[in-house]
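Hi,

Here is the structure I promised to pass on.

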Amino acid sequence: MAITVASCNSIVRIDWSAITTVLLDMDGTLLDLRFDNDFWLNQIPKAYARHQGVSVHQAQDYLRPIFQREAGKLNWYCLDFWSATVGFDVAALKRQLSQGIGWRPEAADFLAKLKASHCQVALITNAHPETLRIKLEQVQLAPWFDHIVSSHQFGAPKESQQFWQQLVKTHPFQPTSTLFIDDSEAVLGAADIFGVAHLVTLRQPDSTGPIRSATQFPAIHHFNEIFDGLAHGV
Ligand SMILES: [Mg+2]
């Protein structure tokens, strides 16, 4: 794995003439992860506490080991799994709070530039199809993409090689000329093993969270850092 530790001030340069396909993650990359962090860390424990008649603290104690056990697995992203685990309709709660879903800075501009460029652009997400539907209703993401893929279609999360094998089979792309941007370094690690050549992560997936100074993959804060050479005049 070609892993280097990038310092806070390193500049990421993309040679757009070498890129034919751009793969983009949704939550924490194009959309602010603040919504998801608040939903899972605050809203779900509060709703579970209400539902069970226990304190929020007790609800967090119950949920914490389940979160730890399922992190990085497909269940983690599966609303059906979570509805069965907590005993109420998690998708309905997400829909009720969906006004909190929003863009990361510069993400919409970046998508407009990509649309005007020579690149094929695909959204690839671990989000459950129902979560994806709720987010696409709230934010105008869909028009910018040639393809939208949820890993649930393949029964394997982006962290697994099965996901990448299925993706290249169903939506052919050349890994050596593909740029993939994702806030999850575990996911980028899987893409790296698969052979995706250009990998970039985000310094601040959650606008209320810390800025990551050391990352395993080259990192940007905002997308305008990589606009140079992409679809001039847009
Ligand atoms: Mg993400």
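Strands E2 and E3 run parallel and are joined by four bridges, with Leu123 standing opposite Ile148 in E3. (Strands here are DSSP runs of E, at least two residues, and helices are runs of H or I, at least four residues, both numbered from the N terminus.) Before you go further: this is a predicted model, where local features need pLDDT of at least 70, side-chain atom pairs count only at pLDDT 80 or more, and totals for chains, interfaces and linings use all residues. Residues are numbered from 1 along each chain as its sequence is written.

On its other pairing, E2 (residues 120-125) goes parallel with E1 (residues 21-24), again through four bridges; there Leu23 sits opposite Ala122 in E2. Put together, you get an open six-stranded sheet in the order E3-E2-E1-E4-E5-E6, with parallel pairing (two strands pair if DSSP finds at least two bridges between them). E3 (147-150) and E6 (219-220) are the edge strands, each pairing on one side only.

Now the domains, whose bounds come from an automatic or database domain assignment. Domain 1 covers 16-33 + 102-226, and domain 2 covers 34-99. Their C-alpha centres lie 24 Å apart. In contact across the two are 22 residues of domain 1 and 14 residues of domain 2 (contact means C-beta atoms, placed from the backbone, within 7 Å). Helix H6 (residues 129-138) gives the largest share of domain 1's side, four residues.

Cheers
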